[in-house]
Amino acid sequence: MLAVEVRDLSKTFRSGWFPRRLTRALRGVSLAIPRGAIWGLLGPNGAGKTTLLSILATLLLPDAGRVTVLGHDVVREAGAVRSRLNMASGNSNFIWSLRPPEILAFYARLYGLYGRALARKVDDLLALAELEPHRKVPYHELSTGLKQRLALAKSLVNDPELLFLDEPTLGLDPDVSMRMRAQIKALREERGTTILLTTHYMREAEELCDEIAFIKSGQIPARGTADALKRQIGIGDVIALRLDPPSCNRLADLPGVLECTSQDGRMECIVDSADKRLPEILRWLHEQGVVVRDVDVHEPDLEEVFVELAK
Ligand SMILES: Nc1ncnc2c1ncn2[C@@H]1O[C@H](COP(=O)(O)OP(=O)(O)O)[C@@H](O)[C@H]1O
Ligand SMILES: [Mg+2]
């Protein structure tokens with residue numbers, strides 16, 4: 001059963017009168033997210049991540065294409081899905097002078113909670129987000145990490161089946177983002193929540209997501225598990241060499257060598273295929289009288305894939 005199904009989705013923003021500017025934020029996006037998945041949208045700034053999430057969350061209308069969320073069309077049956085999903089943004093902003101319990105109560109009231117049920121819900125969320133010690137602190141005095149946790153807690157007021165998290169660890173310190181990721185994983189394990197998150201941190205997508213879609217300029221040129229994504233793009237292998245003398249710029253001119261860098265006394269060559277190029281490179285170095293002290297071949301990590309695709 002699918003939680004989200006998107007076919008040929010397009011969205012163009014029109015802004016200004018003269019000159020009239022058109023931004024094609026989404027250009028024929030298709031994807032399918034199974035229930036219970038943690039799915040990642042990985043892409044650089046301006047790729048269309050927030051636009052896509054906003055359409056899925058019924059906050060923005062698509063121009064063309066079909067979007068089905070929890071079995072309902074997001075345009076014709078928006079009302080049927082709104083109460084079953086929610087969204088949190090790493091860029092959230094709440095009223096500066098309100099305290100966490102007041103902010104959570106405000107959102108809980110929107111879903112019809114009142115009286116004792118409302119108070120219990122607020123307490124539960126404060127506990128979940130570990131915000132109890134900060135009950136009395138006005139929003140604008142909270143640290144970025146606490147603000148993000150509050151945004152996540154707010155998105156759970158209606159116990160959503162489907163949760164959209166827009167850059168949930170934006171601007172967080174490494175240890176704080178690690179705890180945030182643990183919390184996201186726990187949501188799926190304990191509540192079975194389907195989660196679609198956006199990020200521009202490849203490590204985060206790799207750690208959290210069953211499947212990753214790479215989005216760039218409103219299109220999804222690659223998708224799959226982190227491993228599949230790397231294979232699919234085929235940007236090659238990395239051959240790391242320790243040489244004597246230590247650097248050899250002419251390596252970059254050999255056939256099949258895509259890129260060559262030198263750092264810390266090591267040369268790193270990205271090649272189309274290590275199986276094919278390693279013997280050729282070793283033979284050539286031998287002919288040049290260069291001694292090879294050490295060789296290491298490895299797959300490029302997601303970060304390199306990202307850099308390559310983001311160009
Ligand atoms: N309301 C808007 N009006 C005009 N252009 C917009 C609007 N929202 C987003 N855009 C443009 O659409 C593109 C995609 O934006 P966005 O979805 O926010 O990307 P991301 O979240 O991946 O950084 C960008 O070029 C952005 O400037
Ligand atoms: Mg965004």
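Student: How do the residues of the shell around ligand 1 divide into nonpolar, polar and charged?
Tutor: In this predicted model, the shell around ligand 1 divides into three nonpolar residues, eight polar ones and one charged one.

Student: And which residues surround ligand 1?
Tutor: Ligand 1 is surrounded by Phe13, Ser15, Thr23 and Ala25, together with Gly43, Asn45, Gly46, Ala47, Gly48, Lys49, Thr50 and Thr51. Strand E1 (2-15), strand E2 (21-34) and helix H1 (49-56) are the elements that give two or more residues to that shell.

Student: Which element gives the largest share of the shell?
Tutor: The largest share comes from H1, which contributes three residues to the shell around ligand 1.

Student: Ok, staying with H1, why is it called largely enclosed by the rest of the structure?
Tutor: Seven of the eight residues of H1 are buried, so the helix is largely enclosed by the rest of the structure. The buried residues in H1 are Lys49, Thr50, Thr51, Leu52, Leu53, Ile55 and Leu56.

Student: What about the phi of Thr58, which follows H1?
Tutor: Thr58 has a positive phi, near 65°.

Student: Switching to E1 and E2, how many bridges do they pair over, and in which sense?
Tutor: E1 and E2 pair in the antiparallel sense over 11 bridges. Along that pairing, Glu5 has Ala32 in E2 as its bridge partner, and Leu9 stands opposite Val29 in E2.

Student: How many residues are between the strands in that hairpin, and which one takes a positive phi?
Tutor: The hairpin of E1 and E2 has five residues between the strands, and Gly16 takes a positive phi near 75°.

Student: What stands opposite Glu5 in E4?
Tutor: Thr68 in E4 stands opposite Glu5, and the pairing between E1 and strand E4 (residues 64-69) is antiparallel, with five bridges.

Student: So in what order do the four strands form the open sheet?
Tutor: The order is E2-E1-E4-E5, in an open sheet of four strands whose pairing is antiparallel. The edge strands are E2 and strand E5 (72-73), each of which pairs on one side only.

Student: Now the six strands, what is the order in that open sheet, and what kind of pairing?
Tutor: The open sheet of six strands has the order E6-E7-E8-E3-E9-E10, and its pairing is mixed. At the edges stand strand E6 (85-89) and strand E10 (219-224), each with a single partner strand, so one side of each is left without a neighbour in the sheet. On average, and with direction ignored, neighbouring strands of this sheet are turned by 15° against each other.

Student: Which strands of that sheet does H1 touch?
Tutor: H1 packs on the sheet and touches E3, E6, strand E7 (162-166), strand E8 (194-199) and E9, while the direction of H1 makes about 155° with that of E7.

Student: How do E3 and E9 run, parallel or antiparallel?
Tutor: Strand E3 (residues 38-42) and strand E9 (residues 211-216) run parallel and are joined by four bridges. In E9, Phe214 is the bridge partner of Leu42.

Student: Changing topic, into which domains is the protein chain divided?
Tutor: The protein chain is divided into domain 1 (2-231) and domain 2 (235-310), and the C-alpha centres of the two domains lie 40 Å apart.

Student: Then E11, which residues are on its covered face and which on the uncovered one?
Tutor: In strand E11 (residues 237-244), the covered face holds Asp237, Ile239, Leu241 and Leu243, whereas the uncovered face holds Val238, Ala240, Arg242 and Asp244. As a general point, side chains in a regular strand alternate between the two faces of the sheet.

Student: How many bridges join E11 to E14?
Tutor: Seven bridges join E11 to strand E14 (residues 291-298), and these strands run antiparallel; within that pairing, Ala240 stands opposite Asp296 in E14. E11 also pairs with strand E13 (residues 266-271), in the antiparallel sense and over six bridges, and there the bridge partner of Arg242 is Arg266.

Student: Last one, how many helices and strands does the protein chain have?
Tutor: The protein chain has 10 helices and 14 strands, and its C-alpha trace spans about 85 × 45 × 45 Å along its principal axes. Of its 311 residues, 37% count as buried.

Note on methods. Residues numbered from 1 in each chain as written. Chains lettered and ligands numbered in written order. Predicted model: local features only at pLDDT ≥ 70, side-chain atom pairs only at ≥ 80, totals over all residues. Near = placed C-beta within 6 Å. Nonpolar A, V, L, I, M, F, W, Y, C, P; charged D, E, K, R; others polar. Pairing = 2+ DSSP bridges. Domains from an automatic or database assignment. Buried ≥ 20, exposed ≤ 12 C-beta atoms within 10 Å, placed from the backbone. Axes fitted to C-alpha atoms, helices over the stretch in contact; angles between N-to-C directions. Contact = placed C-beta atoms within 7 Å.
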